[in-house]
Amino acid sequence: MRNRVRCALRWLLAVAYGYAGWAHLARPAPFLAITPPWVPQPALVVAGTGVAEIFGAIGLMIPATRKAAGWGLALYALCVWPAN
């Protein structure tokens, strides 16, 4: 039962990050609006964070990269925290 819950939560997290990454690329305006003024080249940073979220979501679903993706997404969350 515990493995099923972990798998379901992993899928949920991967879908959430995947969607957020897509949104960063498809509709960057809301993300640009919350980017702190001290961030250089905000459009490039928003696009880069979108790509990072997509790669992190994919990484969560691959057993060999799951742990690294989890740590990467945790560090990512800390990096974007000032905007959120």
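**Figure 1. Met-61 and its contacts.** Setting aside neighbours within four places in sequence, Met-61 is in contact with Arg-10, Trp-11, Ala-14 and Arg-66, where contact means heavy atoms within 4.5 Å. This is a predicted model, in which local features need pLDDT of at least 70 and side-chain atom pairs count only at pLDDT 80 or more, while totals for chains, interfaces and linings use all residues. Residues are numbered from 1 along each chain as its sequence is written, and side-chain values use heavy atoms, with hydrogens and water left out. You will find Met-61 in the loop between helix H3 (42–60) and H4. The C-alpha atoms of Met-61 and Ala-14 are separated by 7.3 Å, although these residues are 47 residues apart along the chain.

**Figure 2. Helix H1 against helix H4.** Helix H1 (residues 2–26) packs with helix H4 (residues 66–80) at an angle of about 50°, and their axes lie 13 Å apart. H1 is therefore oblique to H4; angles under 35 degrees count as roughly parallel, over 145 as roughly antiparallel, 65 to 115 as roughly perpendicular and the rest as oblique. The axes are lines fitted to C-alpha atoms, for helices over the stretch in contact, and angles run from 0 to 180 degrees between N-to-C directions. Which residues meet here? From H1 come Arg-10, Tyr-17 and His-24, and from H4 come Arg-66, Leu-73, Tyr-76 and Ala-77.

**Figure 3. Thr-49 in helix H3.** Take a look at Thr-49, which is found in helix H3. Thr-49 counts as buried because its relative accessibility is 15%. Leaving aside neighbours within four places in sequence, Thr-49 is in contact with His-24, Tyr-76 and Val-80.

**Figure 4. The whole chain, for orientation.** The chain has four helices and zero strands, following the pattern α-α-α-α along the sequence; helices (H or I, at least four residues) and strands (E, at least two) are DSSP runs, numbered from the N terminus. Its C-alpha trace spans about 45 × 20 × 20 Å along the principal axes. Of the 84 residues, 26% count as buried. Among contacts with a separation of 6 or more, 59% come from residues 24 or more positions apart.

Technical notes:
Buried means under 20% relative accessible area, exposed over 50%, partly exposed in between (1.4 Å probe, protein chains only).
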